[in-house]
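Please keep the picture open as you read.

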Amino acid sequence: MDIQPGILVHSEDEFRQKIAHVRELGLPVHIDVMDGVFVNNTTWADPGLIHELAPGLEFEVHLMIANPEHAVPIWIAAGAKRVIYHKESTERDRLIFEAVADEAKRLGIAINPETPVSALEPIIDQVAMALVMSVTPGASGQAFQPAAVEKVAELKKRKPSLVVGVDGGVRPENIKSLKDAGADMVVATSALTETSDPSLTIQVLKQALGE
Ligand code: DX5
Ligand code: ZN
């Protein structure tokens, strides 16, 4: 199971600092994008600057923004390995599928804690990845909501080829339950950016996984 450091920042300077902090891990990162509308927070994330500020960085973006139809193709063009938008943020999924066309394997869809897996049923066959939120999006450092574990298992049962990730409150004490449920990836933001030694924290997370 992959662990992706999350980057949730409010300025270009903070982006540089946090990237420098986790870069030694050599892992693809998860960039949180918030618009102050879909969620009660705003982040700094500029698709035109990521490559300049962090050359060679592999990244995915998590769009917590209202009406993401325009932003999805912009981030794909900016080189994001994966672009994840929220099921709750639009009814116009079809527009997004048309816009990404051949790049559909780079598309992911996130669901909030109160959204059931069944809400993905109409589009599950069009997306390559689903991100189960284990906190209400908007901030890092919140407590993990264990109902995410069952959602992972449900999604993997419904579509075994779907890449399933989990985002929010991931810590050594819950990471193994996510792996056992079939998660392919987890995001860890505060666990890795608020520690003085991210390499040690990754080791602790891997130990908890039995790796
Ligand atoms: C939630 C964001 C998460 C967040 C997770 O609003 O989508 O990616 O950064 O932060 P932690 O890992 O600190 O809960
Ligand atoms: Zn996220």
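This is a predicted model: local features need pLDDT of at least 70, side-chain atom pairs count only at pLDDT 80 or more; totals for chains, interfaces and linings use all residues.

Two residues are in contact here when they have heavy atoms within 4.5 Å. Leaving aside neighbours within four places in sequence, Ile31 is in contact with Ile7, Phe15, Ala45, Ile50, Phe59, Glu60, Val61 and His62.

The largest nonpolar core has 61 residues, and Ile31 and Trp75 touch the most other members. Helix α3 (residues 71–77) gives this core its largest share, four residues. Another core, of eight residues, lies apart from it and includes Met129, Leu131, Met133 and Val187. In soluble globular proteins, nonpolar side chains tend to be buried together.

How do the eight strands close up, and in which order? They form a barrel, β1-β2-β3-β4-β5-β6-β7-β8, with parallel pairing. Neighbouring strands of this sheet are turned by 25 degrees against each other on average, direction ignored. One parallel pair is β6 (residues 129–133) with β7 (residues 163–167), joined over five bridges; Val132 has Val166 in β7 as its bridge partner.

| Helix | Strands touched | Angle |
|---|---|---|
| α4 (residues 93–100) | β4 and β5 (107–111) | about 155 degrees with β5 |

Finally, find Arg82 in strand β4 (residues 82–86). Is Arg82 buried or exposed? Arg82 counts as buried because its relative accessible area is 16%, and buried means under 20%. Beyond four places in sequence, Arg82 touches residues including Gln4, Phe59, Glu60 and Met185.

Terms used:
Residues are numbered from 1 along each chain as its sequence is written. Chains are lettered from A and ligands numbered from 1 in the order in which they are written. Side-chain values use heavy atoms; hydrogens and water are left out. Helices (H or I, at least four residues) and strands (E, at least two) are DSSP runs, numbered from the N terminus. Buried means under 20% relative accessible area, exposed over 50%, partly exposed in between (1.4 Å probe, protein chains only). Two strands pair if DSSP finds at least two bridges between them. Axes are lines fitted to C-alpha atoms, for helices over the stretch in contact, and angles run from 0 to 180 degrees between N-to-C directions. A nonpolar core is a set of buried Ala, Val, Leu, Ile, Met, Phe, Trp, Tyr and Cys residues joined through side-chain atoms within 4.5 Å.
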